[in-house]
Structure formats: structure tokens, C-alpha cells
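Reader: I am new to this structure. Please pick one part and take me through it closely.

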Amino acid sequence: MSAIGRMVCSLSHDMRHSLTAIYANAEFLERHDMCIRERADLVLEIQKAVLTMTELLDSLLQFGCTGRNNPRVRTCVSLVVEKAVAAVKFHPDGRDVSITVGRLPSAEADIDALNLQSAIFNLLLNACQAATSSTDVPEVNICLAEVDDRIYVTILDNGPGIPASVRSTLFDPFVTAGKPNGTGLGLTLARRIAEEHGGSVCLEESNPKGAVFTLSLTKNRSPDLEDLIVVSPTSSD
Ligand SMILES: Nc1ncnc2c1ncn2[C@@H]1O[C@H](COP(=O)(O)OP(=O)(O)OP(=O)(O)O)[C@@H](O)[C@H]1O
Ligand SMILES: [Mg+2]
């Protein structure tokens, strides 16, 4: 039950962000000053957000039927980063932010791509929200590095840094500051997903000119314990 509770919690959190993007794009579509090309892009983004929600629901159904999480698949992590960047650019809080992508080596790892994309999206969205509240032009940068058997995804922003009121409890659930609709789950979920990939999420730096977060993961994961359990036939079989 606790595993299902965690899954439902993370799914509801991610679906709220997809719904926010759909709502904002639908509002844009009502405007009369848009060309056909812009309208087509907005419709495409709505379709992508719906597909993401469908994938999330599918993973919940799969978990309900089999009791297993999404399987780990060898994937190029830079592709996951690119998808997260594309998704956050269509979120209303990411739309006006200049998001630059730095070095993206084509490192591969055994990952749950959907969950990892969600963790990176949450870090990017926080960075965009913080950058928007700065007096400078909002800027966010993301890059990827490969060191031995680890991959590091680093996200920098030029926002005002982490508010002092939440600095020591940043990764605890329901800790939020300065956001009218913040649930305070984004960092908790991002860190948990990184831990499930043999890594973590750390705050590297925070000052009045910005913040830097790093998500790390291990490239080669040994199979989960539950995958190793062989169900032996009972004596009545
Ligand atoms: N890059 C950042 N710069 C400044 N403050 C940040 C940054 N990232 C996180 N924070 C602070 O940490 C708090 C917790 O972040 P977290 O992502 O867990 O929750 P949230 O963004 O408030 O809500 P949500 O559940 O929608 O993500 C934020 O409310 C914000 O005050
Ligand atoms: Mg957040």
C-alpha cells in the first residue's frame, strides 16, 4: 500500500504540471492574434502533454497489475534531458525563460526514462520559476557530465537563491516557499527518483545571484531485489 501511495503521489504531482501546460496552451489558442503555425505548435504541445499523462497512467496500471515499476532500459540520458527541456519550455513558467543547453555527451545508462524525465523537469521548472522572480533577464542552463560510472545533470539559474526559510528542509515533502500553487513535492520526488537510479539530488550552491542543483545517477544498475526473487512452486503444485 505504501508503494502504491508513493506512486499515486508522484503521478498526481506530475499530472498537475501537464494539466497546467494544457490549460495555458488552451487559453493561448483563444487569442485572435496568432498565426496558423503558432496555433499548430500549441495543439501539438497539448497532444504531447496528453500523451505524457497517458504514459503516466499506463505505468500506474502496470504497477497495479504486476506490482513492478517501469523496467530499466539502456537509454541515452541526453535524450531524456532534451525532452525535459522541451516540456518545460511549454509550461507557462518556462515560456519566457532563456533555457540554454550546455555540453550533452551521449552517455547511456539503465534508466526508467519517464521517471528520470520527470525528476529533471521538476528541477528545471524550479529553476525557471526562481529565474523569473529575479530582476535580470531570466536564464537557466542545463548540462550533463560523465565521470567513471556516474552521470551528473547540472541545472543553474540566475534567480534569488533558496529562501532561508526552507534551506534546511528543502528535500522534505510539502516544503514550499514563495509559490501560490506550490505543493512542495518536486524536490522530494526528484531526489527519490535519483536515489532509485543509484544517485541523488544535491544543492551545490545558493546565493542572491542564483542556485545550482545537481542530479546524479549510476550508469549500470544491478537488477532490483524483487527481480531476483524466484517464485518456487508450492508442495500442492
Ligand atoms: N532553483 C531554485 N531557486 C530558488 N528556490 C528554489 C529553487 N528550487 C527550489 N526552491 C525552493 O524550494 C522550495 C521547494 O521546492 P519543490 O520543488 O520541492 O516544491 P515547489 O516548487 O514549491 O512545489 P512543486 O511541488 O509544485 O514542485 C520551493 O518552493 C522554492 O522556494
Ligand atoms: Mg517545484
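Author: The largest pocket has a volume of about 920 Å³, the space filled by probe spheres set on its grid points. A pocket here is an open set of points on a 1 Å grid over the protein atoms alone, where a 1.4 Å probe fits, with protein on both sides within 12 Å along at least five of seven lines. This is a predicted model: local features need pLDDT of at least 70 and side-chain atom pairs pLDDT 80 or more, while totals for chains, interfaces and linings use all residues. Residues count from 1 along each chain as written, chains are lettered from A and ligands numbered from 1 in written order, and side-chain values use heavy atoms, without hydrogens or water.

The largest pocket is lined by 38 residues, each with an atom within 4 Å of a grid point. Nearest its centre lie Asn126, Gln129, Thr176, Lys179 and Gly182. The elements giving two or more residues to this lining are α1, α4, β5 (150–157), α5 and β7. Helices are DSSP runs of at least four residues, strands of at least two. α4 gives the most, with seven residues. By class, the lining has 18 nonpolar, 16 polar and four charged residues; Gly counts as polar.

Ligand 1 takes up the space of the largest pocket: more than half of its atoms lie within 2 Å of the grid points. Its shell draws two or more residues each from α1 (2–29), α4 (113–132), α5 (186–196) and β7 (210–218). α4 supplies the largest share of that shell, three residues.

In total, 22 residues surround ligand 1, each with a heavy atom within 4 Å. The closest are His13, Asn126, Thr176, Lys179 and Thr183. Eleven residues of the shell are nonpolar, nine polar and two charged.

Look at the atoms next. Thr176 brings a side-chain N or O atom to 2.6 Å from an oxygen atom of ligand 1. Ala177 uses its backbone: an N or O atom there lies 2.9 Å from a ligand 1 oxygen. Gly186 also places a backbone N or O atom by a ligand 1 oxygen, at 3.2 Å. Taken alone, ligand 1 exposes 600 Å², and the protein buries 96% of that. These areas come from the Shrake-Rupley method with a 1.4 Å probe.

How values were computed
A polar contact is a pair of N or O atoms within 3.5 Å; within protein, one must be able to donate a hydrogen and the other to accept it, and residues adjacent in sequence count only if both atoms are side-chain atoms.
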